[in-house]
Amino acid sequence: MRTFTVATQPDEAIAYLADFTNAEAWDPGTVSCVRTDAGPVRVGATWHNTSKILGSDTELDYRLEHLDDTTVRLVGENKTATATDVITVVAVAGGTEVTYDATVELHGAAKLAAPLMQLEFEKLGRQTVEGIQRELGKGP
């Protein structure tokens, strides 16, 4: 879990982060993220995400599980993993405090790679903070 600030106001930050298509701009591992349904971004919206992790492409189908004024929860799944991203925002002087908690649960034989994956996710976590701050403005 990482907490940091951005210059964007909370309502704009939550709208931007809830539209997972934007992950292409701020998530260093995302190669592509394509919306697979139509209409406004709301609970139930879906995306197909392709990420490059440790040199290999990984595809997950994401669903927006929760969205309100302060929280976004996205869950991505494939045969070998379940990724859960919970993003919360709180107004602070001059912008927004963002808390980003991304967890990945590996399934089956993929569990054997857990220690190596943990190191990679730590690195990607730092880069994700930098990407979100680049897109939403570094906060106070």
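Start by selecting H107: at 25% relative accessibility this residue counts as partly exposed, a class between buried (under 20% relative accessible area) and exposed (over 50%), with a 1.4 Å probe and protein chains only. The model is predicted, so local features need pLDDT of at least 70 and side-chain atom pairs count only at pLDDT 80 or more, while totals for chains, interfaces and linings use all residues. Residues are numbered from 1 along each chain as its sequence is written, and side-chain values use heavy atoms, with hydrogens and water left out.

H107 is found in the loop between strand 7 and helix 3 (114–136). Helices (H or I, at least four residues) and strands (E, at least two) are DSSP runs numbered from the N terminus. Contact means heavy atoms within 4.5 Å. Draw a distance from H107 to N78, C-alpha to C-alpha; the value is 9.4 Å, for residues 29 apart along the chain.

Next, go to T99 in strand 7 (residues 95–106). Is T99 buried or exposed? T99 counts as buried, because its relative accessibility is 16%. Show the side chains of T99 and T3: a polar contact of 3.0 Å joins them. A polar contact is a pair of N or O atoms within 3.5 Å; within protein, one must be able to donate a hydrogen and the other to accept it, and residues adjacent in sequence count only if both atoms are side-chain atoms. Not counting residues up to four places away in sequence, T99 touches M1, R2, T3, V86, I87 and T88.

Then select L17, F20, W26, W47 and I132. Of the 26 residues in the largest nonpolar core, these five touch the most other members. Such a core is a set of buried Ala, Val, Leu, Ile, Met, Phe, Trp, Tyr and Cys residues joined through side-chain atoms within 4.5 Å. Helix 1 gives the most to this core, with five residues. Centre on W26, whose contacts beyond four places in sequence include Y16, L17, F20, Y100 and I132.

Finally, zoom out to the whole chain. The protein has three helices and seven strands, in the order β-α-α-β-β-β-β-β-β-α. Of its 140 residues, 39% count as buried. Residues 24 or more positions apart account for 45% of the contacts with a separation of 6 or more.
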